[in-house]
Amino acid sequence: MAISSIHKDHFFIAVITMMSVFTICFGINEYRRERAFRCDILNAKLQLNNYNPVDSSIRVTVIDTDGNVISDSENSDVSNMDNHLQRKEVREAIANGSGYDIKRVSGMNGEKYFYSATYFPDRGLVIRSSVPYSAPLTDSLRKDFTFFYYTGGILILIGAVMYLRWRLRRSEEEKLRIKHQLTENAAHELKTPAASIEGYLETLVTNPEMPEVMRINFIEKCYTQSKRMSSLLSDMSTLSRLDNSAASAVSVPVDLCAMIRRISEETQAEFELKGMELKLELPESIFIVGDPSLLYSLVRNVYDNALAYAVGASRFDVKALSKSSQILLSFSDNGPGVPEDQLSHIFERFYRLDKGRSRRLGGTGLGLSIVKNIAIQYGGGASASITDGGGLTIEIKLNQKQQ
């Protein structure tokens, strides 16, 4: 899948590059064609003047076939004028009947002119009309950018559509990759408790005379492993809902502060058993519109993570703050914490800092991944840092929907 995705990315880049090169080349070609067309229009106008010089604003020069100037409408003394035989428009006119030259400096007054010459073989003369290369003439020869605007707009539109399709395809491929990875990891995680249950049950079946104490011990171990499998399947179901964007199926006002207080009451005894003081810094209420079960899962998973891994901690601080349209939640302990280079990994699926210990505690390796995915569903995110003085701090941001 990765190789196929790379090939598709290269194909997308190649198509966009080809379209861009084609548009640039086509645009340059159209620019040249348009400029030539506009010059042809002006040349045709001056050619008409060569046949019937009636426009006094146009300079008219009469030249013989040897290039000598016979007369010039703007110069009464033509004796000091250079020979014009090598002038481009004159050479073209004698060879082809007509010719023109653009933006050449006049030897007489130093101004730039547009020249158009016509050869009259019956009279052995070349009549040339010319106009100064002024601002109005420059404007008349300037290319029209409308074509480029339309072409560029179409190119951008096509590129945007292709980019969106590419992004959508990449997103779908990423979802499939994550689901495939989740399935593989889940199969691996389920294999251990399933094998344990099978082993215990096989022992119970093949040893009917087993002492009662040992029998009860085996049954309790089967129950523990089945609870682990149930927790894993429940967490996988939650992640599947999040991956399928089903988090917003239920949407009601939820008081996060009341929910945190309820979860604190539910876990108070467990914190006391571990010698941890639970401290809450909460406003009276903070409301968010969402799914109560998912929001409960978000907070409860952070609590369960602290109970399982904040070994030796003496406190667990919970803070909540509503700022503008954003809700900020902070959960801090002063336990052993997490190595700094591992902080970015603790939200990954099935990630465990101590895999053996996590399994003994019944952890699925999905708790903090669920936390982050729920936070993302609500327009925010989750991050981890080292608590001042040591320990782990998990911060969660949620976008608050106004009622």
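1. Cys257 has 0% relative accessibility, so Cys257 counts as buried (buried is under 20% relative accessible area, exposed over 50%, partly exposed in between, with a 1.4 Å probe and protein chains only). Cys222, at 9% relative accessibility, also counts as buried. The disulfide count comes to 0, taking a disulfide as a pair of cysteine sulfur atoms within 2.5 Å.

2. A word on the source: this is a predicted model, where local features need pLDDT of at least 70 and side-chain atom pairs count only at pLDDT 80 or more, while totals for chains, interfaces and linings use all residues. Residues are numbered from 1 along each chain as its sequence is written, and side-chain values use heavy atoms, with hydrogens and water left out.

3. Now the sheet. Five strands, in the order S7-S9-S10-S12-S11, form an open sheet of 5 strands with mixed pairing. Strands here are DSSP runs of E, at least two residues, and helices are runs of H or I, at least four residues, numbered from the N terminus; two strands pair if DSSP finds at least two bridges between them. S7 (277-281) and S11 (381-386) are the edge strands, each pairing on one side only. On average, neighbouring strands are turned by 15° against each other, direction ignored.

4. Glu277 stands opposite Arg315 in S9. Helix H6 (residues 256-273) lies across S7, S9, S10 (326-333) and S12 (392-399), and runs at about 170° to S7. Axes are lines fitted to C-alpha atoms, for helices over the stretch in contact, and angles run from 0 to 180 degrees between N-to-C directions.

5. Next, a helix pair: H7 (residues 292-309) packs against H9 (residues 367-377) at an angle of about 145°, with the axes 9 Å apart. Contact (heavy atoms within 4.5 Å) involves residues including Leu294, Leu298 and Val302 of H7, and Leu368, Ile370 and Ile374 of H9. Several H9 residues are buried, among them Gly367, Ser369, Val371 and Ala375. After H9 comes Gly379, with a positive phi near 75°.

6. Last, Phe287, which sits in strand S8 (residues 287-290). Phe287 has 35% relative accessibility and therefore counts as partly exposed. Val254 is 33 residues away from Phe287 in sequence, yet the two are 5.3 Å apart in space, C-alpha to C-alpha.
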